[in-house]
Amino acid sequence: MNFLSRLKPRSREGSLGIILVITVGVTGLINPRFLTGDGTRDLFTSTAVVALLAIGMAPIIIMRHIDLSVASTVGLTAWFIADLCAKHPDFTWVQCFIIGPMIGMVVGILNGLLVAGLRLPSLVVTLGTLYIVRGAVYVISNSVDYNAQEMPPSLLDLGQKVFFGIMPFTFLLVIFAMLVTAWFMKYRKAGRDCYAIGSNPHAADLVGIKVFRRTFLAYVFSGAMAGLAGVFYLMRFAQVDSTAFYGQELAVVAAAVIGGVTIAGGSGTTIGATIGALLVQTIQGGLAAIGVDAFWKSAINGFLLIVAIYADRTLARKSESALLAQRIKERA
Amino acid sequence: MAQKGDLLLQMKGVQKRFGGAIALRGTDLSIRAGEIHALLGENGAGKSTMLKILAGVHVNDGGTITLGGNAFTTGSPEAAIAQGIAVIYQEPSLFLDLTLAENVFIGRQPMKGAAIDWNKAQEEAARLFSELGVPLDPKRQARGLSIADQQVVEIAKALSMNANIILMDEPTAALSASEVERLMTVMKSLKAANKAVIFVSHRLDEVFAISDYITVMRDGATVSENSVSATDLQKVIKEMVGRELTELFPKTENKIGEIALEVSDLTNPAFFRNISFTVRRGEIVALAGLVGSGRSEVARAIFGIDKYTTGSVKVNGKVMAMGSPVEAMNQKIALVPEDRRQQGLFMIAGVDRNISMESFDRLKGKLFLNFKKERALTEIWREKLSIKYAAPTNPVESLSGGNQQKTVLAKWLATDPEILIVDEPTRGIDVGTKAEVHKLINAAAGEGKAVLMISSELPEVLGMADRIIVMREGHKVAELSRKEATQEKVIAAATTGSKGA
């Protein structure tokens with residue numbers, strides 16, 4: 001028991017990591033291919049887009065806001081980049097990596113101005129931009145699709161590049177983004193301001209936190225990540241049409257929430273969000289491996305989300321009553 | 001560094017309008033280093049507006065404010081903080097998800113290179129807490145902290161930003177006697193460090209115990225500014241209300257009748273044990289004791305909000321089912337809760353809807369609510385309680401604290417209860433309204449209602465109650481009749497559990 005209690009993870013991310021390892025293990029038992037190098041690589045490749053978006057959205061959820069427009073932004077960027085590359089055969093991956101985030105930032109700036117500037121509810125604003133951006137993709141694309149032959153070979157090569165046999169280039173970037181953002185959120189004043197704003201928006205105004213600037217920049221960051229995720233989408237699928245990544249925004253929210261980013265704001269990390277994305281993908285992969293049909297996959301995903309929220313509330317309530325008990329003890 | 005007695009802050013003829021409403025019509029205030037300055041006035045006199053102008057939340061429309069000889073830059077909380085003004089609001093504004101160290105240093109975290117130096121922040125916070133005599137754990141989350149400890153964190157924050165002027169809005173409203181004492185010690189040490197403390201309070205005994213100067217406001221203007229030795233309680237009250245208050249506790253002798261409420265051996269191990277008492281018709285029984293002694297929990301258990309493990313509650317001799325507020329209301333019990341904003345009112349709903357809320361059954365036509373009857377009911381209680389509002393549909397959050405409290409009272413009195421439980425009925429409301437609320441409670445008892453009153457204010461307990469039950473740490477430690485009760489006996493019982501004194 002002593003040994004076990006020493007093993008008990010001290011952070012939320014620790015427990016999530018353990019759950020992830022167990023899930024991967026169980027999935028591996030069902031389908032041994034899952035534990036091979038190829039299986040691991042597939043897991044990372046298929047998680048990269050959602051994980052990157054979850055990292056981008058984590059600061060926003062921590063601020064008690066939300067960004068539903070990310071999936072549409074992925075679609076817009078992916079189509080736009082493919083279109084540009086088709087028209088400029090001299091483009092390499094470099095242009096894609098610069099232009100992608102810039103397109104995303106335009107959407108982010110729009111969201112940021114509406115949410116932070118006009119103080120409109122983010123759920124409604126980003127639901128609006130979700131439709132506007134997707135509508136724009138439909139109009140601009142004019143039903144034109146692009147395939148691998150129109151895309152820069154250097155970009156597709158990069159999409160296939162794998163380190164150490166298991167780590168795709170895209171997921172390496174995800175880990176990099178995760179670590180930088182996690183560091184920023186913990187060790188920079190701007191990052192701490194995000195937690196303060198989500199914890200108590202009213203008090204954030206009173207202590208002089210620059211609420212507009214922080215909120216606005218968080219949306220711009222999320223937009224940039226969505227733009228980059230659009231490029232990742234092309235690298236993975238080498239094909240794009242106007243419905244690319246349609247309706248996936250809630251999968252991103254789910255990944256973040258399952259990863260312990262509290263929807264009520266004030267707590268969570270990008271590391272948790274990334275683990276959350278991996279966890280969802282692993283379970284999906286496991287279910288596919290044992291031949292569960294699509295309805296049940298979707299239903300199990302939803303179930304998982306509710307379990308995550310329940311666990312979150314239970315933990316919060318537990319720590320609240322522990323803190324209360326501590327206070328009663330201090331008083332006695 | 002300011003010397004003792006240096007003029008730190010001067011406000012002259014400061015004005016503020018909100019739309020058509022004038023909040024301040026010309027207030028003056030001078031604050032010197034090393035003084036504790038009390039700001040008094042009835043609810044709606046403009047104290048909060050004044051604090052908010054200094055805090056940078058509002059901008060004044062007229063008048064001048066000078067700070068250490070320079071013009072004060074208004075308009076943003078940041079600017080106010082930069083000019084050495086720290087504000088501790090009535091409801092502490094901490095970030096509950098963050099640690100105490102972080103709450104102290106939010107926005108001003110110590111840096112090491114490009115990163116926040118968390119170790120240093122924690123050490124500094126720990127040092128500030130122990131300086132204040134309250135060794136809180138800086139790594140602890142702010143969630144679950146008592147109001148008193150949250151204030152300590154706010155004061156540590158003010159110290160850490162090296163504020164010269166510390167504003168406190170009703171800092172003692174939610175504190176128990178020992179916590180008030182602790183806060184006063186802290187205020188004195190701030191004074192000794194040549195800082196200026198401005199505080200708003202409705203507890204006049206405290207004001208006279210600790211302040212050096214007293215400024216009284218009425219209707220948005222300064223009435224007087226005196227050193228504490230140059231004024232007295234009667235004078236201050238007169239200045240605040242603009243008339244003589246003949247009696248703060250207009251006790252009437254009521255006919256005491258049958259036992260209406262009988263609580264026997266009520267126990268909920270987490271909060272209270274073996275509580276027994278009775279309340280008769282026409283009687284006011286006070287539950288006294290420190291905050292946290294379990295008084296409110298007993299009231300909640302009687303009203304069926306919480307459950308209890310053993311014991312019983314009898315209404316008119318019949319045992320009442322446990323754990324059902326609906327049953328309690330059927331038995332004609334009413335509970336006016338302690339926290340009117342959170343538990344007593346629907347802040348964004350209209351005054352009329354709030355008053356009629358518990359009386360819908362009587363106001364209903366065949367299917368729908370009869371708005372005429374609702375309006376009539378509101379009008380009746382507006383008159384009886386002299387609630388002040390512009391229109392009955394105005395949201396209660398636009399009312400002053402005193403009028404909000406009257407609205408909660410009206411809501412429950414409108415149900416025509418036989419047993420009225422009131423929890424801290426006059427917290428945070430001014431003397432004038434206080435006297436009115438006391439009169440209302442007396443009148444309710446006079447109509448033959450049994451009244452159980454929880455109060456942390458001793459003068460209120462002694463002035464109002466026919467009998468006083470004192471609780472300490474979940475136990476009933478004394479029961480005193482009106483005749484035998486004295487301030488000393490109640491305090492002794494509440495703090496040490498001893499019955500004699």
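Colleague: How many residues does the hairpin that joins S13(B) to S14(B) pass through?
Modeller: This is a predicted model. Strand S13 (residues 259-268) and strand S14 (residues 272-280) of chain B are antiparallel. The hairpin from S13(B) to S14(B) runs through 3 residues.

Colleague: How many bridges pair strand S13 of chain B and strand S14 of chain B?
Modeller: Take two positions. Glu262(B) has Thr278(B) as its bridge partner in S14(B), and Val263(B) stands opposite Phe277(B). The antiparallel pairing of S13(B) and S14(B) extends over 6 bridges.

Colleague: What is the order of the open sheet of 6 strands in chain B?
Modeller: The pairing in this sheet is mixed. Its edges are strand S18 (333-336) and strand S22 (475-481) of chain B, each pairing on one side only. From one strand to the next, the twist averages 15°. The order in chain B is S18-S19-S20-S15-S21-S22.

Colleague: How many bridges join strand S19 of chain B to strand S20 of chain B?
Modeller: Strand S19 covers residues 419-423 of chain B and strand S20 covers residues 450-454. They run parallel. Ile419(B) has Ala450(B) as its bridge partner in S20(B). The two strands are joined by 5 bridges.

Colleague: Which helix lies across strand S15, S19 and S20 of chain B?
Modeller: The helix spans residues 431-446 of chain B. It runs at about 150° to S20(B). The name is H16 of chain B.

Colleague: How many of the 9 residues of helix H1 of chain B are buried?
Modeller: Buried residues of H1(B) include Lys47(B), Met50(B), Leu51(B) and Leu54(B). After the helix comes Gly56(B), with a positive phi near 85°. H1(B) is largely enclosed by the rest of the structure, because the buried count is 9 of 9.

Colleague: What percentage of the 501 residues of chain B count as buried?
Modeller: Chain B has 18 helices and 22 strands. Its radius of gyration is 24 Å, close to the 23 Å from the globule rule, so it is as compact as a globular protein of that length. Along the principal axes, its C-alpha trace spans about 70 × 50 × 50 Å. The buried percentage is 50%.

Colleague: How far apart are the C-alpha centres of domain 1 and domain 3 of chain B?
Modeller: The assignment for chain B gives domain 1 as 7-94 + 145-241, and domain 3 as 346-416. Domain 2 is 257-332 + 417-501. The centres of domain 1 and domain 3 of chain B lie apart by 33 Å.

Colleague: Which helix gives the most to the side of chain B that touches chain A?
Modeller: The contact takes 23 residues from chain A and 21 residues from chain B. Helix H2 (77-82) and strand S8 (115-116) of chain B each supply at least two residues of the chain B side. The most, 3 residues, comes from H2(B).

Colleague: Which helix gives the most to the side of domain 1 of chain A that touches domain 2 of chain A?
Modeller: Chain A divides into domain 1 (18-292) and domain 2 (297-332). Their centres are 27 Å apart, and the contact takes 9 residues from domain 1 of chain A and 8 residues from domain 2 of chain A. Helix H12 (249-258) and helix H13 (270-289) of chain A each supply at least two residues of the domain 1 side. The most, 4 residues, comes from H13(A).

Colleague: At roughly what angle do the axes of helix H9 and helix H11 of chain A cross?
Modeller: The axes of H9 (residues 189-199) and H11 (residues 211-237) of chain A come within 10 Å. Their contact includes Ala190(A) and Ile197(A) of H9(A), and Val211(A) and Ala218(A) of H11(A). H9(A) and H11(A) are therefore roughly perpendicular to each other. Their axes cross at roughly 100°.

Notes. Residues numbered from 1 in each chain as written. Chains lettered and ligands numbered in written order. Predicted model: local features only at pLDDT ≥ 70, side-chain atom pairs only at ≥ 80, totals over all residues. Domains from an automatic or database assignment. Rg over C-alpha atoms; globule rule 2.2 N^0.38 Å. Buried ≥ 20, exposed ≤ 12 C-beta atoms within 10 Å, placed from the backbone. Pairing = 2+ DSSP bridges. Axes fitted to C-alpha atoms, helices over the stretch in contact; angles between N-to-C directions. Contact = placed C-beta atoms within 7 Å. Parallel < 35°, antiparallel > 145°, perpendicular 65-115°, else oblique.
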